Amino acid sequence: MNAQTHRIREKLDRREALATPRSRALGQILLCEGCCCGRTDRGFKPVPCDWIEQQWKEEKLNRTVELTISGCLGPCDLANVACVISPQGIQWFGGLQEQWQYGLLLDWAKASRDAGVLLELPAELGRHRFERFAVSEPREQSVCVQSLTPGHREYGNTLCSESGKTKSPMR
Ligand code: FES
């Protein structure tokens with residue numbers, strides 16, 4: 001066990017909250033360069049990783065928005081993929097095929113650094129946004145559809161009294 005692992009284990013044993021100086025960053029960008037994204041040998045457009053990493057370093061942007069070049073993020077069918085993580089949530093972008101699109105992310109990170117807050121992401125990237133995950137639906141039985149009679153509610157096809165006893169739907 002190395003010193004870092006030992007330190008974390010001690011904190012966990014003492015039930016202390018974990019914290020990292022890296023959490024001072026306002027957000028993080030993940031640029032995918034996995035089995036599809038950036039794989040020019042497979043016909044995908046390049047991801048300008050070297051260029052953007054150099055820009056990020058020169059501008060010291062990691063203090064504001066951390067840049068991570070990652071392996072496959074999952075939605076390969078929308079290569080090239082990027083996502084932006086912040087306390088406000090995660091935004092996914094797909095079909096990034098031009099260097100200027102990465103330039104927009106760079107400009108946004110610089111403007112956010114200068115403003116000291118994460119600004120709105122560039123509108124030009126809006127059409128590249130997608131929802132990564134299915135929205136989970138509550139199970140039918142747990143959805144209160146409507147109140148029918150005093151003291152009873154309908155859960156899907158099951159009528160429940162508020163005391164918890166079930167009855168057949170009154171139709
Ligand atoms: S390689 Fe980028 S999402 Fe899979």
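β3 and strand β4 (residues 89–93) run antiparallel to each other and pair over five bridges; two strands count as paired if DSSP finds at least two bridges between them. Strands (E, at least two residues) and helices (H or I, at least four) are DSSP runs, numbered from the N terminus. Keep in mind that this is a predicted model, where local features need pLDDT of at least 70, side-chain atom pairs count only at pLDDT 80 or more, and totals for chains, interfaces and linings use all residues. Residue numbers start from 1 along each chain as its sequence is written.

**Around β3**
- A hairpin takes you from β3 to β4 through two residues.
- Across this pair, V84 sits opposite Q91 in β4, and S86 has G89 in β4 as its bridge partner.
- β3 also pairs with β1, again in the antiparallel sense, over four bridges; here L31 has A82 in β3 as its bridge partner.

**The whole sheet**
- Five strands make an open sheet in the order β2-β1-β3-β4-β5, with mixed pairing.
- β2 and β5 (129–130) are the edge strands with a single partner each, so one side of each has no neighbour in the sheet.
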